[in-house]
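Good morning, and thank you for coming. I would ask you to look at the structure on the screen while I take you through it.

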Amino acid sequence: MTELKCREKYTLDGDKEERESQHEPDVQTTKPVKTEEDEVTSGRNGAGKQQKDEGEVKEEDAQHKEEESKTPESPVKRSTRSSAGFFQRLVRVFFGYLAAVACGILYAAHLSAYHDRKFWFSTRQELEREITFQGGSGLYYYYYKQMLTATPFHRGVYELMMDNRTVAGQTINAVVRLSLYPELITSFIYRFTGSEEFVEPIYFYIGAVFGLQAICVSALFVCSWVMSGTWVAGMLAVSWYVINRPDTTKVDYAIPLRDNWALPYFSCQVAALTGFLTNNISSATELFCYLTMSATTFTFLLVWEHSHYVLFLQGLCLFFLDAFDLLPSRKMAEIHMVYVSALLLAFFSQFQNAALLSSPLVSLLIGTWVARNYQQKMKTGPFLSRVMKLFVYFHLVFTTGITFSYLVKKVVQGDESDFFLKFLEVKFGLNTTTDFITNFLLCQESFQVPAQDLFLRLTQASVLPFYLLVLTVCLLSTLQTIYRRLSGLPMKTNLKLEDGRIGEHPEVIYHVFHTLIFGGLALLFDGMKYLWTPYVCMFTAFGVCSPELWMTVFRWLKLKSIHPVVLSLILSTAVPTIIGFSLWREYCPRVLGELSEVQEFYDPDKVELISWIKSQAPAAAVFAGSPQLLGTVKLCSGATVTSLPLYTDIKLLRRTEDTYQVYAMRSAEDIYKILTSQKANYVIVEESICNELSVNKGCRIKDLLDISNGHVVYDKGEVYSFSKHGRFCQEIKMNYSPYTNYFTRVFWNRSYHVYKVNSVISFQY
């Protein structure tokens, strides 16, 4: 019996050696080969040796494996294995990027079809098409049209830099004031590529915006794919993004807005930053991510006036990574170089824009640079010592940054630099004010607290519950990592699935801080949801598709009944499959149904008003009115206006306040003086503002004006408006003196009344 066992063992060993010799012809074994006689002899005489202790057997097996690992591998086998691995990675990357591009193209096609169906865009006349740019956003398209007719092109750029035909009585640099770089680039491409022979200017313009939305979706796809390791996560992220489109983008109703041009670049920058933060990437991939991050950061700063605030929040997330020693110092230094170079290029490209010098991003970079000399000394010592040093480091950075910002604002911007701080004080209830501009901005939908409908929609789409689950797991794992770093333990760079430490990946930690900061602001400002919600979709998709996240949970639970690695792989496949199937079943008919719904956006009163202005008003006439309406007037007629729908310029906001006085309880003489000081020839009174009915009564324009003008009376718990003059917009319709002395009605319909500001006052009694 012993001899038979030994023969079987010899046969198996011989077959194994034969197979190894076939695959490794160049490797000569140093292990002595036993003959059959030796095997039999050892089997007969050493029967007791076969009954070794189990621990010794395991020890020998371990030694045998260690020896095998030290055995030099054949170059042929190594090259074959590397070639096969490279080919597999190439195929996986190819199909992943193909899926990302396909998702972007399909989304852009859906947006185009939905936009055409909603506004009947292809069947409208040019004037009616332009009116569909809502919320005053059409103002930007006006400059695009102007650049298409400029001869030569550089002459048109110069006229925009010295523009005296937009705001009455002012010469402005419209390129910087309105961030018109997208229009300059788009018009340049349209003119010098000969596209006028193939596509109309307006279709080329909106096509460029829809193309950027496709890039945005593809960037979210790639970002989720890089973090999870599977492009199934990218598909799920795109699905959630499309389903929650009203909360992820404004492109549905206001195409030319700066947000729609800028946020796709920010999505690409975040995707490149995610790849750059990832451990164990090749030098070529790291260089590609670095260059992409540099280009997109500069472009993002160039096309949106609020971009430096967004980058400040991102820089704050990276600052926390660096402070807790969760990121290599080399990478943090390179990211700072990206910020500095992008800020310098944007500063000179925007004609020495002072707003960039006083931005919080510059202050953060200055504070970090000053404190960097003490940073390494603060990352040593026991736990309590490191925590105390960390607070000192925070204090040093923020004190230096705030001091620098204060000095720059005093030198550059003067007294108007305090407006933003006053606005925040009123927003958070630390102060009250009767100032019209502050209360007017607080009443804008973007600055109000989001309604509960937002969270209800996210819950119905199943993204919010899974987001809270993923965020909780990643946050707890991140806190564990921070505690280990403060305790002096090193971070592992070669993490395996069995480790179950999702919070030790720098890119995951960054997105945890990212979603917490942006999410906290989204709870305060409704407009921040367009920055937060897309990354909620991406972050949630990464989490449910990541085996490491499930493995982290199983490590905490100390699961032993089922192998945790196998179960995590199963769940990371099964859960997204179930979610994807449920979303496809419930929301796919809805998304496709949007293309078949009969919708119509048509404003005949506004079309009639613009037609009258173009045909009856003098070419040099100046119009006063609400900024949203004046944006449309400027777009469709090219007439000079008194203010613009731009809420980042205090001077323009003050002109807007003066124009809005036509809805206050002011005398005809007061309104006449205001309009003549703005060189207005016509004033447009809107019925929707004059007789506005709103649930939020305190945010009506006339209520804000009454508060600002001191016309509000508080009597026994009742609040009402009182003045010796009637409300101008209502009294002027009576056509009696003294209103007819100063103004003459020249046009009216159900929604608009246009009055000419008399150049010569005729007193009639």
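Predicted model: local features only at pLDDT ≥ 70, side-chain atom pairs only at ≥ 80, totals over all residues.

I begin with a pair of strands: β6 and β7 run antiparallel and are joined by five bridges. Helices (H or I, at least four residues) and strands (E, at least two) are DSSP runs, numbered from the N terminus, and two strands pair if DSSP finds at least two bridges between them. Within this pair, F743 stands opposite V757 in β7. β6 and β7 form a hairpin, with three residues between them.

Residues are numbered from 1 along each chain as its sequence is written, and side-chain values use heavy atoms, with hydrogens and water left out.

Let us return to the strands. On β7 there is a further partner: strand β3 (residues 682-686) is joined to strand β7 (residues 752-757) by five bridges, and the two run antiparallel. Here Y682 stands opposite K756 in β7.

Which strands make up the open sheet, and in what order? There are five, in the order β2-β1-β3-β7-β6, and the pairing is mixed. β2 (640-641) and β6 (743-748) stand at the edges with a single partner strand each, so one side of each has no neighbour in the sheet. A helix also packs on this sheet: α28 touches β1 (622-624), β3, β6 and β7, and its direction makes about 25° with that of β7. Contact means heavy atoms within 4.5 Å.

I now turn to α28 and its helical partner. Two packed helices are described by the angle between their axes and the distance between the axes. Helix α28 (residues 604-616) and helix α29 (residues 627-637) pack at an angle of about 50°, and their axes are 10 Å apart. Axes are lines fitted to C-alpha atoms, for helices over the stretch in contact, and angles run from 0 to 180 degrees between N-to-C directions. α28 and α29 are therefore oblique to each other; angles under 35 degrees count as roughly parallel, over 145 as roughly antiparallel, 65 to 115 as roughly perpendicular and the rest as oblique. The crossing of α28 past α29 is right-handed. A crossing is left-handed if the near helix is turned anticlockwise from the far one by less than a right angle, and right-handed if clockwise.

On the side of α28, the contact is made by K606, L609, I610, I613 and K614; on the side of α29, by L629, T632, V633, C636 and S637. By class, this contact of α28 with α29 has six nonpolar, two polar and two charged residues. Ala, Val, Leu, Ile, Met, Phe, Trp, Tyr, Cys and Pro count as nonpolar, Asp, Glu, Lys and Arg as charged, and the others, Gly among them, as polar.

Is α29 enclosed by the rest of the structure or left open? Nine of its eleven residues are buried, so α29 is largely enclosed. Buried means under 20% relative accessible area, exposed over 50%, and partly exposed in between (1.4 Å probe, protein chains only). Among the buried residues of α29 are P627, G631 and K634. After α29 comes G638, whose phi is positive, near 75°.

Two further helix pairs deserve attention. The axes of helix α26 (residues 547-557) and helix α27 (residues 564-593) come within 8 Å and cross at roughly 130°, and these helices are therefore oblique to each other. α26 passes α27 in a right-handed crossing. Their contact has ten nonpolar, two polar and no charged residues.

For helix α24 (residues 506-522) and helix α25 (residues 529-545), the axes come within 9 Å and cross at roughly 145°. This crossing of α24 and α25 is left-handed. Its contact residues divide into ten nonpolar, four polar and one charged.

Next, a single residue. S349 is found in helix α16 (residues 329-349) and is partly exposed, with a relative accessible area of 28%. Leaving aside neighbours within four places in sequence, S349 is in contact with Y181, F298 and L302. The C-alpha atoms of S349 and L302 are separated by 7.7 Å, although the two residues are 47 apart along the chain.

Finally, the chain as a whole. Its secondary structure comes to 35 helices and seven strands. Of its 765 residues, 48% count as buried. Among contacts between residues at least 6 apart in sequence, 72% join residues at least 24 apart.
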